[in-house]
Amino acid sequence: MRLFGRKDAEDDGGGSSEDGLAGFWTWWQETRPAVDALVAAGDTAGLEDLVGPAVAAVHPDLVWEIAPGRNAMHALVVTSAGDAELRPLAHRWAKAAPPADLLWEFHPSRQANPQAAELTLDVGGFDFALDKLVLGLRVPRNQPRVDVAAYHPIFAELDEDVRLDAALLALDWILGEDEVARWVGEITAVTFEPIDAVAAPHLPAVVADLASGYDEEEWVLLEGQTAGGAPLVATARYPLRPVDHPLFDQHIAITLPYAHRDEAGLPIGESLAALRDFEERLAARLLKLRDDAVLAAHLSAEGQRTIHVYADPTGDAAIHAKELIVSWEEGEPRVDVAADPAWTAVSPFLS
């Protein structure tokens with residue numbers, strides 16, 4: 001049995017609710033016998049009426065799905081469906097879940113299904129059999145992604161949005177939703193079969209080969225210009241992806257003005273040494289908090305360096321940052337803390 005759905009935001013007034021997140025699992029414990037009975041009876045309408053409002057109380061834009069479990073008989077999936085703003089909420093929902101048992105397990109994203117090729121869905125009144133889905137794959141040079149052109153014989157009968165939704169759902173089931181976010185770049189749903197297309201089940205092997213080239217932590221040095229045209233130098237973690245740290249939705253920006261700079265406004269001499277020392281001390285603290293925070297990037301321009309850290313807001317990373325800047329002696333340092341689940345502050349560096 002497979003069931004999935006979304007409660008429309010207009011039915012609920014929108015917005016998220018901490019009470020909804022905390023209350024969901026109380027509701028689950030109280031209502032689970034009824035859910036079990038509906039699943040056993042195959043009553044999809046009853047499940048929609050029962051589960052849908054409970055998920056919508058967490059957030060009306062979350063998508064839920066009951067699917068075959070990996071270890072348990074069933075899996076309840078509550079996912080952001082690719083919405084980076086909601087991904088942390090879905091992961092906090094799963095983190096608060098009770099331990100899995102023989103009947104139920106819980107996931108914040110769609111899991112790869114080894115039997116995906118055997119699935120057939122109704123899409124726009126047509127049978128969308130995944131064993132007929134083929135993919136044109138392209139790996140851009142020196143890029144940690146594979147671009148996908150998906151083709152299915154029914155795509156010519158569907159409008160563009162429906163085709164794309166079907167392709168995205170299929171990729172989630174073939175590869176796993178988080179792996180799609182990590183490794184799949186541009187996705188198109190085409191009405192003609194791409195040259196050198198391969199059967200969709202080959203995608204995991206292609207991605208595994210691509211991922212093997214990024215086993216080690218890497219940093220890249222980038223040069224550019226500010227909005228005002230001043231030279232800018234940045235260093236960023238590579239690949240840099242919010243999906244790798246789904247609970248790190250707190251952005252901590254540490255701004256350090258420096259006194260010694262060249263004609264381009266970039267740090268030199270004593271200032272460069274002081275910045276390196278500060279970052280070493282910051283890195284040492286973050287190492288102790290590695291389950292709570294990550295250094296994403298830093299950039300220097302026009303006499304100041306900005307260091308971007310992302311953290312779990314329930315942790316102490318922001319406190320450590322504020323403690324560290326007290327020792328900075330070149331100008332007035334600053335720490336700004338804000339919610340940023342989509343990592344928009346470092347969007348130019350995202351892979």
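I will take the sheets, then the cores, then the aromatic rings.

A reminder before we start: this is a predicted model.

Begin with the four-stranded sheet. It is open, its strand order is S9-S8-S7-S10, and its pairing is mixed. Strand S9, residues 184-190, and strand S10, residues 198-199, are the edge strands. Each of them pairs on one side only. Look at the S10 side. S7, residues 134-138, pairs with S10 in the antiparallel sense, over two bridges. There, valine 134 stands opposite alanine 199.

Next, the six-stranded sheet. This one is open too, with antiparallel pairing and the order S11-S12-S14-S15-S13-S16. Which strands stand at the edges? They are S11 and S16, the latter at residues 334-339. Each has a single partner strand, so one side of each is left without a neighbour in the sheet. Neighbouring strands here are turned by 20° against each other on average, direction ignored. Inside the sheet, S12 and S14, residues 293-301, pair in the antiparallel sense over four bridges. Alanine 236 has alanine 297 in S14 as its bridge partner.

H7, residues 269-288, touches S13, S14 and S15. Its direction makes about 5° with that of S15. H8, residues 317-324, touches S13, S14, S15 and S16. The direction of H8 makes about 10° with that of S13.

On to the cores. In soluble globular proteins, nonpolar side chains tend to be buried together. Here the largest nonpolar core has 34 residues. Phe128, Leu133, Leu135, Phe155 and Leu203 have the most contacts inside it. Who supplies it? S5, S8, H4, H5, S9 and H6 each give at least two residues. The largest share, eight residues, comes from H4.

Take leucine 203 as an example. Leave aside its neighbours within four places in sequence. Leucine 203 is then in contact with Leu135, Leu137, Val146, Leu171, Ile174 and Leu175. There is also a second, separate core of 26 residues. Phe24, Trp28, Trp64 and Leu89 are among its members.

Last topic: the rings. The count comes to 15 aromatic pairs. One of them is phenylalanine 128 with phenylalanine 155. The centres are 5.9 Å apart, the planes are at 25°, and the pair is stacked. This pair links distant parts of the chain, 27 residues apart. Phenylalanine 128 is in strand S6, and phenylalanine 155 is in the loop between S8 and H4. Buried or exposed? Phenylalanine 128 is buried, at 1% relative accessible area. Phenylalanine 155 is buried as well, at 0%.

Compare the tyrosines. Tyrosine 214 and tyrosine 238 have ring centres 6.1 Å apart and planes at 65°, so that pair is edge-to-face. Tyrosine 214 is in the loop between H6 and S11, while tyrosine 238 is in S12, 24 residues apart. Both tyrosines are buried.

Phe24, Trp25, Trp27, Trp28, Trp93, Trp104 and Phe106 form one aromatic cluster. And arginine 241 lies over the face of tryptophan 183, at 4.4 Å from the ring centre.

That is the tour.

Notes
Residues are numbered from 1 along each chain as its sequence is written. This is a predicted model: local features need pLDDT of at least 70, side-chain atom pairs count only at pLDDT 80 or more; totals for chains, interfaces and linings use all residues. Side-chain values use heavy atoms; hydrogens and water are left out. Rings of Phe, Tyr and Trp (its six-membered ring) pair if their centres lie within 6.5 Å; planes under 30 degrees apart count as stacked, over 60 as edge-to-face and the rest as tilted. Buried means under 20% relative accessible area, exposed over 50%, partly exposed in between (1.4 Å probe, protein chains only). A charge sits over a ring if NZ of Lys or CZ of Arg is within 6 Å of the ring centre and within 35 degrees of the ring normal. Two strands pair if DSSP finds at least two bridges between them. A nonpolar core is a set of buried Ala, Val, Leu, Ile, Met, Phe, Trp, Tyr and Cys residues joined through side-chain atoms within 4.5 Å. Contact means heavy atoms within 4.5 Å. Axes are lines fitted to C-alpha atoms, for helices over the stretch in contact, and angles run from 0 to 180 degrees between N-to-C directions.
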